[in-house]
Every structure is written in C-alpha cells, then in structure tokens.
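Colleague: Hi! Could you walk me through this one while I have it open?

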Amino acid sequence: MKFPPKYLFISIVVLAFALRVYKSGSYGIFLDEKYTMVISQGVVMEGANQKDVFFTPGKKYFTPREFWKEKNFGDFIEANIRGDIGNSPAYYGVFWVWTKLFGLSDFAVRFLSVIFSTLIVALLYVFVMRHFQSEPLALLSAFLAAIEPFFVAYSHQARNYSMSFFLTLLATHLFLLIIEYYQRESSPSKIPLRLYLFYGLVFVTSLLSHYLTLTVFLCHGLYALFFLRPVKRWVPFVLTAVVGVGLVSLWFIFGGGKYTFQTLAYQAKLYGELAQTHPYDNPFAIILPATLTNVGIKSSPIWADLLMFSNGLGQIDTLGIRNMALALAFGLGATWLLHSYLKGSNRPLWLVAIFGLLLVAAMPLYTVPRLQYVVLAAFPAFIYLWVLYLRTTDTKTSLLWFTGILAVVPTLFLVVMSFKNNHTYGLTQRYSGFSFPYSIIFVAMMLRELLRIPKPMQLVLGVVLGIQAYFIGNLLIRIYQDRDPKYTYFVNPRGPNPYMLTAEKIIENYAPGDTVLYPSVKLNPRDEIERTHSPYAIQDAQLTNLYLPKDAEYYQRMDTTQTDKVLLIKGNTGERVVIFDFQGQKYRY
C-alpha cells in the first residue's frame, strides 16, 4: 500500500522537529549565546550602560532589582552596538518578545531556533513543489533538510542563524512567485501589490536579522540581470530594493548600525595583523594570511559540506592531498565506466564489478586506509548522476542556474572577502549557511537519478551512500554529545548552564544579611576600542543576575581578589560558602 505523500511530509516535519528539539537544552550557553541573552535584554556586556549599578563611587553593593531596572530603546541600541556591531536587531527584537513569553531557560531560548529550523524543512518542501513541480523531489529535499547536521547544530543555538536561513528561503520563494506572475501576465501592474510588499518586508527583516543575508539578495539581482526580460520588468524590484534599503538605512543612521562599517574596518585590520604576527597564538582562533593555499584549505570543508554526499570530505589536513588525489583519480576512472555502462545497450555485470573495485582499489595505497576515501572516490559518479538529471529534467534552465547561483555565491562572497581583508577568520560555514536549501535540492536531484539507473549499479552506489550515512549519523551523535568542533565549537562537552545553577543555589541559600561575592577577572584590552569602563570583568555577575528574581534584594558585590568562585557570606556567622567554582575557563564556555 502506497503511503500518501501528505503523511510522508508530516512525518518528515515531525522527524525534523524531533532531531532539533532533542538535547537542545542540555548544554550551557556559550559566548555568542551569552551576548544574545544580554543584548536582547538591553544590557551591555561589562556594564557600559549599568555604571550606576556596578560602578557608582562609594556604592559597594548591587541587587537583582537594580540589575533589572527598566531599560529603554537607547539601552537596546547601545547593547547591540557594543555586543554585535549593530547586527541582527530584528532577531534580538523577536528574541526579546519570545523571552517575555517563555522565559530565559536554555531550552526556552533555543526553542525559537528549533521552530525556525523546522519551518525551513516545511518551507523547502513548499518551495520545491511550487517551483520544481516534483513531489518526489520535494519530499527528498525536505527529508535531507530534516537530517542535515548543519541545520540540527544551529537549531541548538540561541542565535540568529536559523531565523536568517528561513527568511532568505522565504524571500527567494516570494521572488520566484513574482517571476511566475511576470511569465503569465504581460504587465507588472497586474501583479498583486501585496506580493511586492511582502517580499519587501522579508527583504528588510532578513537584512536586519543578519547583514550577510545580503548575499542572497545579490543572487536575486543576478537572476534579474541574466534572465529577467524586458528590462522594464526590473523596475518594481528596483523600487522595492530602494524602499527596503531606505528603511534599513534608518537603522544605520539613527540606530545600532551607525558604527557597523567602522567596526568592520577595525576588525579587518585587527585580524589581518594577527594573521601576519600571531596566526596560532591569538585569543580568537587560527587566523592565517589569505594566500591561495590557506584560503583553499580553509574553504574546502565549507564547499564539501554543502553537499551531504561529500560532507566531511573537505578536511584536507586530515585526509591528505595525496590520498584525496588518488581517490579522485580512481573515482574518475569508475565514473567513465559508469558512463559506458549507462550508455550501452548491453550492460554486463562485470562492468559493475569493476566499477565497485575501482572505488576501493586504492585502499592499499592510502597512508591510512579510511572508508571516507571510498565515498570520495564515488564523488565524481554522484556528480555525473546529478548532471544526468539536469540534462533530462524539464525544469526551466533559468531556475536551475538560479539555484546554482544561490548555492555558490554566499560562500564565494566569503572567499572574496577573505582575500580582500587578507585573513581567513571569516571563512566559516555559518556565514554562508543560506546556501544549504539550494545545495540540498541538487543532492535530491542526484538521488532521484540514482533511483532511475539499473539495479546492480544502484546497489553499489547505495552501499557507498550507506557508508556516508554512517558518517552523517556519527556526526549527529557528536553534535548531540557536544563534541564536534566545527558544529558545536567544543571537543570537551559542556555541562549545564553554570549561571543558572549559580542563581538557583543563591535563591536556595540566601537569607537576609547575606552577601554574594562574584569573581572578577582582570581585563587586558588591546586598545581603546576594547577597553571597558572597569579594569575588572563583571560578566559572571551580569549573567548570573539574568536568572535571579527581578525584584530580589540580594546584596551582591564584586570580589577582585579572586577569579573563579562565587561565594555566599552568611551574615550571622561570616561563613564563606562556595556557591560555584568556574575553575578558570573550564565552565566559562
């Protein structure tokens, strides 16, 4: 009995939700999420807009009530400028409303990303159904998006990425709906105004959710440039873009975006200098000069991981250039056999056997035999099947090119900017994650073509995909265990949120007359831009107060004599109770 497509779709969305919600609240917030928390509440990390709370001369103590005193829009703007260069105000606004409704627990704040990430799966199905008009392709695309490790990992972060990915896919869907009207109607005036307005609204919201969403709208512009004729049809899009950019510019003129370009220039200069002087021993990460070799090695995993059947195959440092070249050489030979097999009327099984043998033949030649080399050897064959699908599909050529542009341009933009700024720090998957829905469509096309080829060859390539599925499954396990550096940023798993645990213990143990002491790390700013109001950090106190009752009158103060322990001094005995020990950076994720 055939399973109805609508139930398959519902099952895929349920699977996507389950994979995203699982363990989403298990690990404590890391640095970027800490900034999300404070910016959304109008608090500047290290207290630039809380000087009256923490730094008033002669004022020794502060309380949660003072920390939570009412903030205004100016506080939000200042927090956004200092904490995130004025980026993502739309996300922080949505996040603020979300926290008002559901609170600040780790599960609650990440659940917003879980929802947006699940909606990406549903929207991708709608997108493919409408524009590619293929239900099998739509279901395959939605399934691949559901299990895509990148989407799962970023659904576990209280950050703007899942929202931005959803918005840009929605914007592309609306853009193509307008193009459809152009193809049916002779005059742009017959296209519903609400469609332009909705597209414009999503355009503005996307840019204000993350500035790099601009790369997706650059792709929209390239489509219009190459495929939209006559030129007069550009006019409504140009007007929409002008109005949208005008609205966004208000944020740059009057809001938190006023220092964005200045800060970006400062960061480019800083990272460029570190790449030349301290590439391996700086506080950020490994930052190398943007040579052709360095950019190629750093960007290779980004390109490879866009396609699920090549996920993990871009790790040049791990797999080795010689080994990878061997695998691809044997793979090209196998692909020639695949071509001969599919084009011939007589399809002998010995060709299939030789094809399979070529995929594994180089195993004795690799310095360290790995099953990943088998997958890499099959990579040209998978690309060949994808090309076969493109040659036989009745999908419009312009749409196929547009999908390719969307899959490539965001990462290409990062590569260009890397060379421009002469450092590799910005080459990271999340900054070009807008490409994933479109690369997933291409993977689904390859799988559709795989299902059409003769069973013997299908079986061999199916085994290879089974091997890759094992690696994808293992990657998901590492994400859930919080020990995959690329996707979770950690090798050693985090524990529960230390600030929430600290707050809970304070609430449990505090009595009138007690005093809470927070550790204070000495700050070492590199220049005036990094200098804060105080030479000592107050971050631990701020993050703990996020989880304390807003009307509490707990007496608290900073302790600049030590850097790790939150202490509770009992007022009646003077006993010093250790509430939490951060142990250096161990619990400061």
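This is a predicted model: local features need pLDDT of at least 70, side-chain atom pairs count only at pLDDT 80 or more; totals for chains, interfaces and linings use all residues.

Colleague: Where is the place of Phe 3?

Modeller: Phe 3 sits in the segment before α1 (5-21).

Colleague: And which residues make the nonpolar surface patch with Phe 3?

Modeller: Tyr 7, Leu 8, Ile 10 and Val 14 make that patch together with Phe 3, and the patch covers about 460 Å².

Colleague: Switching to rings: how many aromatic pairs does the structure hold?

Modeller: There are 57 aromatic pairs. Take Phe 203 and Phe 217: their ring centres are 4.7 Å apart and their planes are at 80°, so this pair is edge-to-face.

Colleague: Nice. Which parts does the pair of Phe 203 and Phe 217 tie together?

Modeller: Phe 203 belongs to helix α11 (residues 193-207) and Phe 217 to helix α12 (residues 214-227), so the pair ties together parts that are 14 residues apart in sequence.

Colleague: Are Phe 203 and Phe 217 buried or exposed?

Modeller: Both Phe 203 and Phe 217 are buried. They also belong to one aromatic cluster, whose members include Phe 175, Tyr 182, Tyr 199, Tyr 223 and Phe 402.

Colleague: Last one: which residue lies over the face of Tyr 181, and which over Tyr 431?

Modeller: Arg 184 lies over the face of Tyr 181, at 4.7 Å from the ring centre. For Tyr 431 it is Arg 430, at 4.7 Å from the ring centre.

Methods. Residues are numbered from 1 along each chain as its sequence is written. Side-chain values use heavy atoms; hydrogens and water are left out. Rings of Phe, Tyr and Trp (its six-membered ring) pair if their centres lie within 6.5 Å; planes under 30 degrees apart count as stacked, over 60 as edge-to-face and the rest as tilted. Helices (H or I, at least four residues) and strands (E, at least two) are DSSP runs, numbered from the N terminus. Buried means under 20% relative accessible area, exposed over 50%, partly exposed in between (1.4 Å probe, protein chains only). A charge sits over a ring if NZ of Lys or CZ of Arg is within 6 Å of the ring centre and within 35 degrees of the ring normal. Patches are made of residues with over 30% relative accessible area and no salt bridge: like charges are joined within 9 Å, nonpolar side chains (Val, Leu, Ile, Met, Phe, Trp, Tyr) within 5 Å. Accessible areas come from the Shrake-Rupley method with a 1.4 Å probe; for residues, only the protein chains shown count as cover. A salt bridge is a side-chain nitrogen of Lys or Arg within 4 Å of a carboxyl oxygen of Asp or Glu.
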